[in-house]
Amino acid sequence: MCHCTLQRFQCSSPPCFSEDGVCKNMALSQLGLLRPGLCRSLGPLLRAPLAVSSRVPYMLQPQPRHHIPTLPQAPCLRLYVTKKSKAKAKAQPAKVNINAALVDDIINLEKVKEDLEAVLTSLKDDFSRNLSIRTSPGALDHIVVTTKDGKFPLNQLGQISMKSPQLIMVNMTGFPEATAAATRALRESSMKLNPEVEGTIIRVPIPKVTREHRENLAKLAKQFGHKAKESVRRLRSAAVTHVKKSKESTSEDTLHLIEKQLQQMADNYAADIDKQLATKTKELLS
């Protein structure tokens with residue numbers, strides 16, 4: 001029996017079936033009943049204007065025909081030569097390295113180097129013997145005593161021993177006639193000692209290691225450093241004077257290179273002296 005026949009009150013048209021057996025007239029009538037509700041719910045949405053964004057994606061924006069993206073340019077920097085850099089360049093002359101054998105007939109550079117090395121070695125010895133904070137019997141060995149028979153180290157004239165950390169004893173029994181000369185040598189030494197004589201025994205009090213004593217030793221170290229640098233300057237001046245004696249038989253360029261070599265050697269040893277002085281000063285004041 002037709003599905004529409006069973007529900008004649010809903011379908012008054014002749015029955016018309018679709019492929020799935022549903023009456024088309026009945027489906028259309030049911031949609032008509034739903035139309036008022038749909039209109040009420042969708043009406044406000046249909047009447048509201050569409051919100052269109054003013055921002056258009058980059059990919060949708062009109063592009064130039066031959067558009068090539070460019071990167072921001074870095075600011076142009078100009079480097080200028082300052083007076084300070086010019087002075088620094090002048091303060092660093094080109095290094096010279098002359099073969100000593102080629103100028104041996106003019107000056108013996110190896111002998112000059114040995115003399116400069118001797119100055120540096122003497123400075124190190126002065127630092128170790130005269131500026132030692134720790135007291136030891138060997139601290140007085142270097143003191144030279146002048147007698148009528150000549151000059152002798154103190155340890156060859158007397159027996160040096162340590163009585164306490166603040167007192168050194170010098171026994172002059174072997175050469176009692178040199179007691180006065182030994183006392184004078186101790187008093188005039190750079191160690192600022194104040195010896196006391198008891199017969200043939202010389203008592204040498206050692207100053208305590210106070211801050212003032214350390215500062216005095218640092219000043220003494222500076223004096224030793226100035227003395228060593230002065231010796232370096234004298235050696236360089238003597239070498240330059242010797243070189244200038246060959247100006248008649250040697251070209252000016254060769255003499256100029258030798259003088260630069262001598263100056264460079266002196267500067268290197270002066271720098272070594274400054275390093276030794278800085279190290280010793282730090283040791284004494286720390």
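This is a predicted model: local features need pLDDT of at least 70, side-chain atom pairs count only at pLDDT 80 or more; totals for chains, interfaces and linings use all residues.
User: Where is Ser-231, and which side chain does a polar contact join to that of Ser-231?

Analyst: Ser-231 sits in helix α7. Helices (H or I, at least four residues) and strands (E, at least two) are DSSP runs, numbered from the N terminus. A polar contact is a pair of N or O atoms within 3.5 Å; within protein, one must be able to donate a hydrogen and the other to accept it, and residues adjacent in sequence count only if both atoms are side-chain atoms. Here, the side chains of Ser-231 and Arg-234 are joined by a polar contact of 3.2 Å.

User: How many helices and strands does the chain have?

Analyst: There are 8 helices and 6 strands. Along the sequence they follow the pattern α-α-α-α-β-β-α-β-β-α-β-β-α-α. Of the chain's 286 residues, 28% count as buried.

User: How do I read the packing of two helices, and at what angle do α7 and α8 pack?

Analyst: Axes are lines fitted to C-alpha atoms, for helices over the stretch in contact, and angles run from 0 to 180 degrees between N-to-C directions. Angles under 35 degrees count as roughly parallel, over 145 as roughly antiparallel, 65 to 115 as roughly perpendicular and the rest as oblique. Helix α7 (residues 211–244) and helix α8 (residues 252–285) pack at about 170 degrees, with axes 10 Å apart. That makes α7 roughly antiparallel to α8. For residue classes, Ala, Val, Leu, Ile, Met, Phe, Trp, Tyr, Cys and Pro count as nonpolar, Asp, Glu, Lys and Arg as charged, and the others, Gly among them, as polar. The contact of α7 with α8 divides into 17 nonpolar, 3 polar and 10 charged residues.

User: At what angle do the axes of α4 and α7 cross?

Analyst: The axes of helix α4 (residues 109–130) and α7 cross at roughly 170 degrees and come within 10 Å. α4 is therefore roughly antiparallel to α7. The residues of this contact are 13 nonpolar, 3 polar and 2 charged. Contact means heavy atoms within 4.5 Å. Among the residues that meet are Val-119 and Phe-127 in α4, and Phe-224 and Ser-231 in α7.

User: Are α4 and α8 roughly parallel or antiparallel to each other?

Analyst: Their angle is about 10 degrees, with axes 11 Å apart, so α4 and α8 are roughly parallel to each other. Their contact holds 12 nonpolar, 2 polar and 5 charged residues. The α8 side includes Gln-261 and Lys-280.

User: Is Lys-280 buried or exposed?

Analyst: Lys-280 is buried, with a relative accessible area of 10%. Leaving aside neighbours within four places in sequence, Lys-280 is in contact with Phe-127 and Leu-131.

User: What is Gln-261 in contact with?

Analyst: Beyond neighbours within four places in sequence, Gln-261 is in contact with Val-96, Asn-97, Ile-98 and Leu-109. The C-alpha atoms of Gln-261 and Leu-109 are separated by 9.0 Å, though these residues are 152 apart along the chain. Gln-261 is buried, at a relative accessible area of 8%.

User: Which residues are buried in helix α6?

Analyst: In α6 (residues 179–188), Thr-179, Ala-181, Ala-182, Thr-183, Ala-185 and Leu-186 are buried. Their cover includes β1 (144–147), α5 (154–157), β5 (196–198) and β6 (201–205).

User: And where is Pro-165 found?

Analyst: Pro-165 is in the loop between β3 (159–164) and β4 (167–171). Pro-165 counts as exposed, at 53% relative accessibility.

Note on methods. Residues are numbered from 1 along each chain as its sequence is written. Side-chain values use heavy atoms; hydrogens and water are left out. Buried means under 20% relative accessible area, exposed over 50%, partly exposed in between (1.4 Å probe, protein chains only).
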